[in-house]
Amino acid sequence: MKSTYIKVLKVRVKDRHAPLLRSMAAEVNQVWNYCNELSDRMIRERGRWMSGFDFSAYTVGASKQFEHIGSSTIQETAEHYASKRYSAKRRKLRWRKSFGDKRSLGWVPFKARAAHWKHGQVFFAGSHFKVWDSFGLANYKFRAGCFTEDARGRWYFCICVSVDRTCPKGQDSIGIDLGLKTVATCSDGTVLEGRWYRHLEGKLAKAQRARRKRRTRAIHAKIRNRRADALHKFSRHLVNRCGEIYVGDVSSSKLTKTTMAKSVLDASWASFKTMLDYKSQQAGIVYREINEAYTTRACSECGSLCGPQGIRALSVRDWQCVECGVQHDRDVNAARNILRLGAGHCAP
């Protein structure tokens with residue numbers, strides 16, 4: 001029996017459908033804002049927190065008031081709002097704006113079976129949408145999904161599908177130390193170079209000084225795409241050749257409050273760990289985050305704590321153990337210690 005998992009496919013929608021999708025997104029914003037106001041009033045007046053099921057009773061027949069969206073989108077919007085508000089633990093969330101400079105990016109969600117592939121196009125809410133089909137969508141059965149807009153006004157069709165699980169052939173074990181200039185250093189010496197933002201920082205600053213908003217958004221998109229492409233390729237390479245992956249539990253949220261914030265955000269550790277996590281689950285391999293305390297100072301050969309420590313010692317990239325005399329690369333040594341700790345944690 002084949003094992004399956006849920007995967008999200010994202011394809012670009014042809015630009016000619018943007019006006020219709022923006023009209024749909026404006027109606028979705030009205031539903032969101034209605035739920036926001038209703039939730040706030042219900043808590044203030046009755047002390048009751050509403051769930052997605054509760055919202056459905058107040059939105060029955062609401063599709064008749066809208067021109068483009070149907071009940072599937074209205075229900076999914078209400079349920080998504082309830083989930084977000086519960087996670088934020090707030091009485092209400094931000095209002096979604098449909099117009100102006102600070103408008104919310106377009107978003108049109110829908111439930112399973114609301115969209116399907118028909119005549120080589122995506123059929124949704126009575127309209128056909130042409131997309132750049134890079135996945136062969138005709139071969140998949142659509143589940144829930146959404147249409148989303150990016151900062152440049154481009155629309156994408158995102159759909160959840162079931163995919164057969166394929167186990168990787170590799171059975172290596174590897175430890176990964178996360179850094180700034182070098183985003184990831186593996187215990188076998190493999191590295192992922194980063195600094196995607198730094199490479200285009202000059203061009204971005206020039207466009208911002210000239211107040212060229214379209215050019216600025218394009219450069220930001222290029223940085224984001226380069227980062228995502230590199231992280232996806234590197235994480236896929238590791239998952240395909242490894243059976244066990246261990247990563248240091250470095251926290252980016254704490255370092256973003258320091259002078260290293262720009263480099264920390266550019267490295268995007270959280271995105272990289274998220275990719276490794278869900279790809280490992282899909283492949284059925286081991287993925288764990290390991291407490292990396294003292295992994296930089298400890299010698300991976302003898303275990304003595306004689307390595308560089310402190311912020312001032314960050315410039316020390318190579319050091320020699322005073323106990324056993326082994327020469328270490330700082331990041332590779334830390335990755336080997338993470339691998340040792342991870343393998344010991346998983347040992348029976």
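Of the 348 residues of the protein chain in this predicted model, 44% count as buried. The chain comprises 10 helices and 14 strands, and its C-alpha atoms fill a box of roughly 80 × 60 × 45 Å along the principal axes. Among the contacts with a separation of 6 or more, 67% join residues 24 or more positions apart.

**Nonpolar cores**

- The largest nonpolar core contains 43 residues, and Phe 124, Phe 147 and Phe 157 have the most contacts inside it.
- At least two residues of this core come from each of the following elements: strand 1 (4–12), helix 1 (18–46), helix 3 (71–88), strand 2 (107–110), strand 4 (121–124), strand 6 (145–149) and strand 7 (155–164).
- Helix 1 gives the most to this core, contributing 10 residues.
- In soluble globular proteins, nonpolar side chains tend to be buried together.
- With neighbours within four places in sequence set aside, Phe 124 is in contact with Met 24, Thr 73, Val 108, Phe 110, Ala 114, Ala 115, Phe 129 and Phe 147.

- Helix 1 has 29 residues, and the distance from its first C-alpha to its last is 41 Å, close to the 42 Å expected at 1.5 Å a residue.
- Gly 47 follows helix 1 and has a positive phi, near 65°.
- Helix 6, spanning residues 213–241, also consists of 29 residues; it reaches 43 Å from its first C-alpha to its last, close to the expected 42 Å.
- The buried residues of helix 6 are Thr 216, Ile 219, Ala 221, Ile 223, Arg 227, Ala 230, Leu 231, Phe 234, Ser 235, Leu 238, Val 239 and Arg 241.

**Cysteines**

- The structure holds 0 disulfides.
- A disulfide is a covalent bond between the sulfur atoms of two cysteines.
- For Cys 160, the closest cysteine sulfur is that of Cys 146, at 8.2 Å, which is too far for a bond; the cut-off for a disulfide is a pair of sulfur atoms within 2.5 Å.
- Cys 160 counts as partly exposed because its relative accessibility is 23%.
- Cys 321 has a relative accessibility of 2% and therefore counts as buried, the threshold being under 20%.

- Asn 333 belongs to helix 10, which covers residues 330–346.
- With a relative accessibility of 1%, Asn 333 counts as buried.
- Apart from residues up to four places away in sequence, Asn 333 touches Thr 295, Thr 296, Ala 298, Cys 299, Ser 300, Trp 319 and His 328.

- A search of the whole structure finds 1 cavity of 30 Å³ or more.
- The volume of the largest cavity is about 30 Å³.
- Leu 180, Arg 195, Arg 198, Ser 263, Asp 266 and Ala 267 line the largest cavity.
- Helix 8 (residues 261–267) gives the most to this lining, with 3 residues.

Note on methods
Residues are numbered from 1 along each chain as its sequence is written. This is a predicted model: local features need pLDDT of at least 70, side-chain atom pairs count only at pLDDT 80 or more; totals for chains, interfaces and linings use all residues. Side-chain values use heavy atoms; hydrogens and water are left out. Buried means under 20% relative accessible area, exposed over 50%, partly exposed in between (1.4 Å probe, protein chains only). Helices (H or I, at least four residues) and strands (E, at least two) are DSSP runs, numbered from the N terminus. The expected span of a helix is 1.5 Å times one less than its number of residues. A nonpolar core is a set of buried Ala, Val, Leu, Ile, Met, Phe, Trp, Tyr and Cys residues joined through side-chain atoms within 4.5 Å. Contact means heavy atoms within 4.5 Å. On a 1 Å grid over the protein atoms alone, a cavity is a set of points where a 1.4 Å probe fits but cannot get out, and a pocket is an open set with protein on both sides within 12 Å along at least five of seven lines; lining residues have an atom within 4 Å of a point. Grid points are joined across faces, edges and corners, and a volume is the space filled by probe spheres set on the points.
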